[in-house]
Amino acid sequence: MSKTNQGNGSVFRVDKFVVPAAAREEIIGKVRMTHELLRQQSGFVQDFLLEQFSGPGEFNLVTIVEWESQAAVDKVAPIVKAAHERIAFSPQETIARLGVRADIANYQRLPEL
């Protein structure tokens, strides 16, 4: 782990999904739409959309967004919610309808040992 990133207060939003093949394109489209909005927000650092290509893990899509701080995360949550409401998009309903399972949490870096 780089010492330059240690203790900088970054928050990592990690969303892990088990996505059935039939739901892949719709879920990826919704993720891309949401991440376009996230990239425009103050405190955004970087993001990744990862797709599993080998190994026994159950989560086949993972998104990671790095934010400068918890304050940035707190500011963006209502912005994303309002944007989704404007287009009548409910992530929870979409996940349920498509049979997707999700594990969503915020993480922080551990200091080096």
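This is a predicted model: local features need pLDDT of at least 70, side-chain atom pairs count only at pLDDT 80 or more; totals for chains, interfaces and linings use all residues.
Trainee: Which residue of strand 3 is the bridge partner of V11?

Mentor: Strand 1 covers residues 11–18 and strand 3 covers residues 61–67. The two pair in the antiparallel sense, over 7 bridges. Within strand 3, the partner of V11 is W67.

Trainee: Which residue of strand 4 is the bridge partner of D15?

Mentor: Strand 1 also pairs with strand 4, residues 101–107. These two run antiparallel and are joined by 7 bridges. Across from D15, the bridge partner in strand 4 is I104.

Trainee: Is D15 buried or exposed?

Mentor: D15 forms a salt bridge with R13, and their closest N and O atoms are 2.5 Å apart. R13 has a relative accessible area of 33%, so R13 is partly exposed. The cut-off for buried is under 20%. D15 has 11% relative accessibility, so D15 counts as buried.

Trainee: How many residues apart in sequence are D103 and K16?

Mentor: Side chains of opposite charge can pair when their charged atoms come close. D103 and K16 meet in a salt bridge, at 2.9 Å from N to O. Because D103 lies in strand 4 and K16 in strand 1, this pair ties together parts whose separation in sequence is 87 residues.

Trainee: Over the ring of which residue does the charged end of K16 sit?

Mentor: K16 has its salt bridge with D103. The charged end of K16 also sits over a ring, 5.3 Å from the ring centre. That ring belongs to F59.

Trainee: Why does the pair of E26 and R97 tie together parts that are 71 residues apart in sequence?

Mentor: E26 and R97 form a salt bridge, with the closest N and O atoms 2.4 Å apart. The parts are 71 residues apart because E26 lies in helix 1 (residues 24–39), whereas R97 lies in helix 3 (residues 91–98).

Trainee: How many salt bridges does a search of the whole structure find?

Mentor: Some salt bridges share partners, and in this way R24, E25 and E51 are joined into one network. The pairs R13 with D15 and E26 with R97 are also salt bridges. The search of the whole structure finds 8.

Trainee: Which residues does L38 touch, not counting residues up to four places away in sequence?

Mentor: L38 is one of the residues of the largest nonpolar core. V65, V76 and V80 also belong to this core. With sequence neighbours up to four places away left out, L38 touches F44, V65, W67, V76 and V80.

Trainee: Is the aromatic pair of F44 and W67 stacked or edge-to-face?

Mentor: A search of the whole structure finds 1 aromatic pair. It links F44 in strand 2 (residues 44–51) with W67 in strand 3, 23 residues apart. Both F44 and W67 are buried. Their ring centres are 5.8 Å apart and their planes are at 85°, so the pair is edge-to-face.

Technical notes
Residues are numbered from 1 along each chain as its sequence is written. Side-chain values use heavy atoms; hydrogens and water are left out. Two strands pair if DSSP finds at least two bridges between them. Helices (H or I, at least four residues) and strands (E, at least two) are DSSP runs, numbered from the N terminus. A salt bridge is a side-chain nitrogen of Lys or Arg within 4 Å of a carboxyl oxygen of Asp or Glu. Buried means under 20% relative accessible area, exposed over 50%, partly exposed in between (1.4 Å probe, protein chains only). A nonpolar core is a set of buried Ala, Val, Leu, Ile, Met, Phe, Trp, Tyr and Cys residues joined through side-chain atoms within 4.5 Å. Contact means heavy atoms within 4.5 Å. Rings of Phe, Tyr and Trp (its six-membered ring) pair if their centres lie within 6.5 Å; planes under 30 degrees apart count as stacked, over 60 as edge-to-face and the rest as tilted. A charge sits over a ring if NZ of Lys or CZ of Arg is within 6 Å of the ring centre and within 35 degrees of the ring normal.
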